[in-house]
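Dear colleague,

I am handing over the structure we spoke about, and it is placed just below. My notes on what was found in it follow after that.

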Amino acid sequence: MSLSLWTHCQAATMQAQAARPYGLIADAALVLDGPVLRWVGPRSELPPNLARACITQHDAGGALITPGLIDCHTHLVYGGDRAAEFEQRLQGTSYEEIARQGGGIASTVRATRQASAEQLTASASTRLRALMAEGVTTVEIKSGYGLALEPERTCLEVARALGHTHPVSVHTTFLGAHALPPEFAGRSDDYIDTVVAMLADLYAQGLVDAVDAFCERIGFSPAQTARVFTAARALGLPVKLHAEQLSDSGGAQLAAGFGALSCDHLEWLSAEGAAAMAAAGSVAVLLPGAFYFLRETRVPPIDLLRQHGVAMAVSTDCNPGSSPCTSLLLMLNMACTLFRLTPEEALAGVTRHAAQALGLHDLGVLAAGMRADLAVWDVQHPAELAYAFGARPLRQVVFAGVLR
């Protein structure tokens, strides 16, 4: 495999415990060995023999290089939209009221079931390309808008295919326990039986990387969620949870008890939940887009998460009902302005901590042995990525060592 060298750049390595904020190297050199980083450090310390071995050289022209961004919580594959519900909420109807009236997730389920695989692929591709235009090289895509075996299978197959047709890594999560489909009205326990059966089938087809659930008043109880997680554990699949978004249901403690990769939303997280997450190493995935779009007023307990040393990721939560957003850079700004993260915490949230939220150990930092997914930016300082919303500072992306 031929070596390539990048110089005349700053590198925000995002390594934990780095001596400087962002792990920033002012005059950096990066050596790529195909899809893997071979060497990262100050240009003055680059071994001469390694520099001579590089077949290709790239002058970054003073650009900033970061790890490729990771969007670790999305619902990218779905049919239809919910603009009418947006109007309802502006007129005073709550998200929960809309859901109880048959709207919300249920309305997207109807549209998704009616859509063809080709239609789902076309719409999801548009959303994915928007994310990629802002430096995203890895994305998690959840199912959860089919809520029956065949449409769930179709959504997961579409998600998998996106990773083959676009220069991006796609990780799929089965979210069968997202909402109660209309055919199971009043029979939520029976539906959980179906979810467990669907999981086994879809896992056998290689379509599932992780399992999620919506543990909430308008979702599923902790006991029902535990049944899904027990089935996931029997298959050796990691779990994550939509937890404490609208109320404190104890979901974070439950998920932590299963060693969850992450607990997501967390506006109502308790001290007990934060402590449980810290003990389990579960990442807090913050979703400021949903907080903003639903006009919530209760901010996730950021200081509590800091106090317990819980890693914080940031994601778009791209979905039609509560966060129709395809800008991860905007989420950096919102995480800072709405949740009071520092720009360094926000950038760690879409790199190092987002990788942790997906259970990925070869992404999210710039270091030897890590995957060569890079974003090259026309900015002078990493804080600019969180500062200027609406800007498009991406110059280039390297995916698995290949300049795209």
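Contact here means that heavy atoms lie within 4.5 Å. Please keep in mind that this is a predicted model.

With that cut-off, and leaving aside neighbours within four places in sequence, valine 77 is in contact with Leu120, Ala124, Ile141, Tyr145, Cys155, Val158, Ala159 and Leu162. Val77 and Val208 are the residues with the most contacts inside the largest nonpolar core, which has 95 residues. Helix H13 (residues 328-337) supplies the largest share of this core, namely seven residues. Apart from that core lies another one, of 20 residues, among them Val40, Ile65, Met370 and Val398.

Turning to the helices, the axes of H5 (residues 117-132) and H6 come within 10 Å and cross at roughly 45 degrees, which makes H5 oblique to H6. The crossing of these two helices, H5 and H6, is right-handed. On the H5 side the residues that meet H6 are Ala117, Leu120, Thr121, Ala124, Ser125 and Leu128, and their counterparts in H6 are Thr154, Cys155, Val158 and Leu162.

Serine 143 sits in the loop between strand S6 (136-142) and helix H6 (149-165). Is serine 143 buried or exposed? Its relative accessible area is 2%, and because buried means under 20%, serine 143 counts as buried. The side chain of serine 143 makes a polar contact with the side chain of glutamate 152 at 2.6 Å, and the serine 143 side chain also reaches the backbone nitrogen of leucine 175 at 3.0 Å.

Best regards

Methods: Residues are numbered from 1 along each chain as its sequence is written. This is a predicted model: local features need pLDDT of at least 70, side-chain atom pairs count only at pLDDT 80 or more; totals for chains, interfaces and linings use all residues. Side-chain values use heavy atoms; hydrogens and water are left out. Helices (H or I, at least four residues) and strands (E, at least two) are DSSP runs, numbered from the N terminus. Buried means under 20% relative accessible area, exposed over 50%, partly exposed in between (1.4 Å probe, protein chains only). A polar contact is a pair of N or O atoms within 3.5 Å; within protein, one must be able to donate a hydrogen and the other to accept it, and residues adjacent in sequence count only if both atoms are side-chain atoms. A nonpolar core is a set of buried Ala, Val, Leu, Ile, Met, Phe, Trp, Tyr and Cys residues joined through side-chain atoms within 4.5 Å. Axes are lines fitted to C-alpha atoms, for helices over the stretch in contact, and angles run from 0 to 180 degrees between N-to-C directions. Angles under 35 degrees count as roughly parallel, over 145 as roughly antiparallel, 65 to 115 as roughly perpendicular and the rest as oblique. A crossing is left-handed if the near helix is turned anticlockwise from the far one by less than a right angle, and right-handed if clockwise.
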